[in-house]
Every structure is written in C-alpha cells, then in structure tokens.
Amino acid sequence: IRVTVTAIPIPMACSPAFEGKSIRKEEMYAEFGGGRSPAFELLRVRPEAEVEDGKVTVIGPEIETIPEGSAAPLGIVIEVAGKTMKKEYEPVLERRIHNFVNYGEGSWHVAQRDLIWVRLSKEAVKNGVRVEHIGKLLASKFRIDFPDLLDAVQVTLITDPEQVLTAKKEAEAIYDERDARIKGMKDDDADTFYSCTLCQTFAPDHVCVITPERPGLCGAISWLDGKIAYEISPAGANQPVQKGGLISAENGEFEGVNRFVRKASHGAIERCQLYNFMEYPMTACGCFEVIALVLPEVNGIMVVNREYKGETPSGMSFSTLAGTIGGGVQTPGFAGISKSYILSDRFLQAEGGIDRLVWMPSVLKEELASRLKERLKAQGKGDLFEKIADERNAETIEALTEFLAGVDHPALTMDSIL
Ligand code: SF4
Ligand code: ZN
C-alpha cells in the first residue's frame, strides 16, 4: 500500500491506510475500556470563547505511570466551536473519533459512546507516543476534515479513575437525550432512509441502512444523524436511500434499498431485508452493540451485548460470535444490532415480534429494564419481561429449555422459526 502520511506533529504515522490494522494483545502496551476499565467518548459544541484551538489536556496519569499490559480508564472529551456548527451535528462528528484513532499506526479503536475500547502499541510507546498524542491526533484530524464547520477544537483526555466515572455519567445522560430525539418517528412516515458506509474502511462490503426505527448497528448513528451528516457533507459516507417499491412490508424489503445496497456493497449483497434476519439480513462490520441470533432448539432468538463476557446458551461468547459474523458479510440467522433497536416495534417483526426473545444477559436486561417493561406493557405483554431468561437462570441450552418450559414462554408455541 502507498501510505500518505499527514503531517500531524506526533511521533506516530497517521493515515487511513492503517485503519484496518488491529493491535493484538501481545503487541499492546496498554488498553482502555473494552469492558476491562471504564471508558467513554463525547463530542460537544461549546461557545467560541471556551474552546482554545489545538489545546490538549490530560487529567490523570500519563503513559509513563500506566503499567505495561494494564487496562486504564479513559474519557475522550472533544469540545468544538464554529459559526455553522450545531448541537445536532455532535453525534455525527463524534462517530469520526473511531476512524481518526485508527488512522494512527500504533493506536486502535473499536465501538462507541461508553463502550469504546482503545489500545496503544508497544512500538508506538517506545517511539514516544503518549496519551496526549491521541488528543493531538484528534484535534488535528477534526480541523483538517471539517474546515468549514469547525473553527476550534480542544481535547481533554481523562485517565483519573474517579473523574472518568463522573464524566461518563454525564455523557450517558447526553446519549439518552440524543436517543430520545428520534423517539416516536416511524419508518412508514419516511420515504427516504440513510446509508452509512463509514465502516467500509475495514469491512469493504458493509452497508448500514438506517431507518427511524432501526439505528446503525453501532448505536451511534440514528436516522436523524444520517440526515444531518448528509447535510454536512453531501458526498460523504451517509447517503439518502429512496425506499422505492415495496417488496414485503413484513420483511422490510424495498426495491430502492436493495438497489442501493447492491451498488454500495460492490455487488456482494443482492438483497437486504430490514426486519427479517433469517434470510437476507443486513451485513455486520464489527461495531455492533449487540448480536441477535436464532436458537433453533427453543424456537427463539437470543441477544448478547458487547459488555457481557460470559458464555451464552448458543455455546459461544460475544467475542466468538463477533469473530464469526463480522467483516461486512451477510450471515443468515445472525444480526448485528444496536441496543435501542431491541426497543423498536420493528425488532424481530418478521420472526413474530418480541415474543421470540428468549434470552439476554442480565446487565443488558437491567440497562433496558424500565424502557423495555414500558414497551411490553403497552403491547399488553407485561409478564413477558420475567419470562426472558438470563445467565443467572440459564447459561446452557439445556437449562434454557427447562427455564422456558417452566415459565411457559410464548416462543415455545409459535410457528417454527426455521
Ligand atoms: Fe456507520 Fe454502521 Fe459503521 Fe455505525 S456501524 S459507523 S452506522 S457503518
Ligand atoms: Zn462498524
């Protein structure tokens, strides 16, 4: 590959060519997040006077005092100012942190929001790379890539354990506010969806089709965000997708969507059904917050989130499953999804709806509890919540079969899922 290295004053080469390169455990100096330590990222617009362009602050230990091989906490807070910059643009720009950190030859980034996982390589640290340089890289790349939008960018990197936790709480409230902005919008009311192909840099045929009721699988891009991103950069990674003629309302299949996906996947994907994942599911890059998959033995579907490290009744952990379905391929019976999609009316629509959901880790269940209960109650299924198993009552398929029979789970008497 020919590498064009942008001159950012840090002791590490920086180019989109490095984006597909991962940092293995043996190669890593230290890591941040990934379920091993608290971490998050947040981008916010601030008044001009409060943002000093190029300023990078590290609050807490620098790399010299972070032991080799350890997992340290990290908060990435980016504050931007610009006359045409708007609050609505925040999530769209925030998603670029993922790409930019991966541009560094010795820095690596996966996932989003409070799920991020960042690594710095031994090689990079040996060459003098410090936590501060991630900030320098981000500040520079945001200015270079959004010259019309941003006049000033400052970055704060928090490595102090207590301060990360406090700032993470605040960030989580902001993520919730963003998710609430799209609440109530329906797919039927939109004749245009939005695509996202940001992840094609490492999953070349991957296309997210984002609808009001189905956010991008990373959970960081909603339909509104896609619309806004297209407004900011009309030739960018988010394009309008005309729904076109209806092929199947139940499966969520549209002529226009298929046409778009065929082209954007370079011919690799012929059909893409938005509400059915048994035959032509959306492709999965690797950023999914949650994996949904069929459990034929119990005629149901389970979901597992990135934070859950244990085994699941499928016999596979999240990381094993992620290795199986990622890379931008279409895997029938499996789907990479966002957490909030579980709360959507469209979730499992073609499979018979939420009644199919038989298992989810208790952490995810607790996180979604109040919103999921509210949704189930509205559908007259108030008792379903307790019938969804988790690892505390079923870790294997045998235990799950027994649990579901015991609670008389509706999936057991539904049409065969295969
Ligand atoms: Fe875009 Fe999908 Fe990647 Fe999220 S996962 S950045 S929506 S392509
Ligand atoms: Zn991705």
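How many salt bridges are there between domain 1 and domain 2?

Modeller: The count between domain 1 and domain 2 is zero salt bridges, a salt bridge being a side-chain nitrogen of Lys or Arg within 4 Å of a carboxyl oxygen of Asp or Glu. This is a predicted model, in which local features need pLDDT of at least 70 and side-chain atom pairs count only at pLDDT 80 or more, while totals for chains, interfaces and linings use all residues. Residues are numbered from 1 along each chain as its sequence is written, chains are lettered from A and ligands numbered from 1 in the order in which they are written, and side-chain values use heavy atoms, with hydrogens and water left out.

Domain 1 covers 16-182 and domain 2 covers 187-413; these bounds come from an automatic or database domain assignment. Their centres, taken over C-alpha atoms, are 27 Å apart. Domain 1 brings 22 residues to the contact and domain 2 brings 23 residues, where contact means heavy atoms within 4.5 Å.

Between them the domains bury about 2,000 Å², with 66% of it on carbon and sulfur atoms. Buried area is the accessible area (1.4 Å probe) that two parts lose on being put together, summed over both. On the side of domain 1, Arg95, Leu115 and Ile182 lose the most area to domain 2, together 29% of what that side buries.

Three residue pairs are in polar contact across the interface, both residues at pLDDT 80 or more. Such a contact is a pair of N or O atoms within 3.5 Å; within protein, one must be able to donate a hydrogen and the other to accept it, and residues adjacent in sequence count only if both atoms are side-chain atoms.

The helices α1 (90-94), α2 (96-103) and α5 (161-182) each supply at least two residues of the side of domain 1 that touches domain 2. The largest share, three residues, comes from α2. Helices are DSSP runs (H or I, at least four residues), numbered from the N terminus.

Arg95 is also one of the residues around ligand 1, with a heavy atom within 4 Å of it.
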